[in-house]
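Thank you for making time this morning.

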Amino acid sequence: MSYLFQDWQSNHRNLKGQLVMFLFRLVMLINRSMITKVIFFPYLMFYRYLVEWVWGIEIPRKTTIGRGLSLFHGQALVINLGVVIGDNCTLRNSTTIGHKKQADGTFGRAPRIGNNVDIGANVVIIGDVEIGDNVVIGAGSVVTKSIPANSVVVGNPARVLDKKDTAENL
């Protein structure tokens, strides 16, 4: 039962964030076996309708997300299949995290985001990039290259503004 509520405290006083993450974790449990997918098919459709179409938050059921994901103002949030998000991350509204179409028409790898990453509003993270631990990405940034751990990143295209020595300085 604690699995379903692992993001509850991270979304303290944010009922929408708590509900979205609870519903997502329940989908993750259902997704573990073909039998549960068949039995709970109506719930899978309910999740897709409510979370994606009504609330405008696209988190595919096969996305890998660590403990403690915090959703601030969850609107227009798009996370593509294949994205990996670490523990204790924060996502804000109008953020897109996804893969990039290659010159040959195929899609490349999706971004991998480390632990304790704070992603501002209107951020785009696209392509085969790795975001290190303890990174802060400023609002409106467009990230197309990997970012080292303990960095503050801003701009379009994103550039490292400051490199921190320790996570406590963030």
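Predicted model: local features only at pLDDT ≥ 70, side-chain atom pairs only at ≥ 80, totals over all residues.

Trp8 is partly exposed, because its relative accessibility is 31%, and the class covers values between buried, under 20% relative accessible area, and exposed, over 50%, with a 1.4 Å probe and protein chains only as cover. Residues are numbered from 1 along each chain as its sequence is written, and side-chain values use heavy atoms, with hydrogens and water left out.

A search of the whole structure finds 4 aromatic pairs, where rings of Phe, Tyr and Trp (its six-membered ring) pair if their centres lie within 6.5 Å, and planes under 30 degrees apart count as stacked, over 60 as edge-to-face and the rest as tilted. One of them joins Phe5 and Trp8 edge-to-face, at 5.2 Å centre to centre and with 75° between the planes. Phe5, too, is partly exposed, at 35%, and ring pairs link Phe5, Trp8 and Phe22 into a cluster.

Tyr43 and Phe46 make a tilted pair, since their ring centres are 6.1 Å apart and their planes stand at 45°. Tyr43 counts as buried at 15% relative accessibility, whereas Phe46 is partly exposed at 41%.

Finally, Tyr3 has Arg32 over its face, 5.3 Å from the ring centre, a contact that requires NZ of Lys or CZ of Arg within 6 Å of the ring centre and within 35 degrees of the ring normal.
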